[in-house]
Amino acid sequence: MMAPALRSTLLYSIPLIILSFPLIAMQLTNEVNWTISDFLVMGILLFSTVFTIDFVLKKVKTLKSRLIVIFAIVILLVLVWAELAVGIVGSPLAGI
């Protein structure tokens with residue numbers, strides 16, 4: 001079993017790693033063109049997801065319940081991400 005402090009450190013480093021991919025890609029190609037607001041929105045989205053998952057890991061005791069709630073959180077992340085990127089449900093936030 002992993003220590004809670006180490007688990008939190010590893011968990012909160014995931015958004016930084018994910019956000020480093022477009023940052024590095026912007027240096028290598030003109031195909032990726034993120035603005036500061038893109039990084040800000042994705043940072044908020046990713047860090048709030050990680051914060052919620054960390055909260056669930058601390059508060060929910062059974063493995064089955066943890067997996068169900070974390071799966072729902074990740075699905076919600078993917079749906080919001082897809083809506084912001086391409087507009088899968090046609091909200092006013094689509095493609096900003």
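Q: What covers the buried residues of α3?
A: This is a predicted model, to start with. The cover over the buried residues of α3 includes α2, residues 36–59.

Q: Which residues in α3 are buried?
A: R66, I70, I73, L77, E83 and L84.

Q: Is I75 buried or partly exposed?
A: Partly exposed, because its relative accessibility is 38%. Buried would need under 20%, and exposed over 50%.

Q: Which residues form the nonpolar patch on the surface?
A: I75 is one of them.

Q: How does the span of α3 agree with its 24 residues?
A: At 1.5 Å a residue, α3 should span 34 Å. Its end C-alpha atoms are 34 Å apart, so the two agree.

Q: What comes just after α3?
A: G87, which takes a positive phi of about 80°.

Q: Switching to charges. How many salt bridges does the count come to?
A: The count is 1 salt bridge. The side chains of K58 and D54 make a salt bridge, at 3.4 Å from N to O.

Q: Why would side chains pair like that?
A: Side chains of opposite charge can pair when their charged atoms come close.

Q: How many residues apart are K58 and D54 in helix α2?
A: They are 4 residues apart, so about one helical turn separates them.

Q: Is D54 buried or exposed?
A: D54 is buried, because its relative accessibility is 4%. K58 is at 44%, so K58 counts as partly exposed.

Q: What does the side chain of S8 make with the side chain of D54?
A: A polar contact, at 3.3 Å.

Q: Where is S8?
A: In helix α1, residues 4–28.

Q: Is S8 buried or exposed?
A: Buried, because S8 has 13% relative accessibility. The cut-off for buried is under 20%.

Q: Leaving out residues up to four places away in sequence, which residues does S8 touch?
A: S8 touches D54 and K58. Those two residues are also the salt-bridge partners. To recap this spot: S8 sits in α1, its side chain has a polar contact with that of D54, and D54 pairs with K58.

Key. Residues numbered from 1 in each chain as written. Predicted model: local features only at pLDDT ≥ 70, side-chain atom pairs only at ≥ 80, totals over all residues. Heavy atoms only, no water. Patch = residues over 30% accessible without salt bridge, like charges linked within 9 Å, V, L, I, M, F, W, Y side chains within 5 Å. Areas by Shrake-Rupley, 256 points an atom, 1.4 Å probe, with all protein chains shown as cover. Salt bridge = Lys/Arg side-chain N within 4 Å of Asp/Glu carboxyl O. Buried < 20%, exposed > 50% of the residue type's maximum accessible area, 1.4 Å probe, protein only. Helix = DSSP H or I, 4+ residues; strand = E, 2+ residues; numbered from the N terminus. Expected span 1.5 Å × (residues − 1). Contact = heavy atoms within 4.5 Å. Polar contact = N/O pair within 3.5 Å; in protein donor to acceptor, adjacent residues only side chain to side chain.
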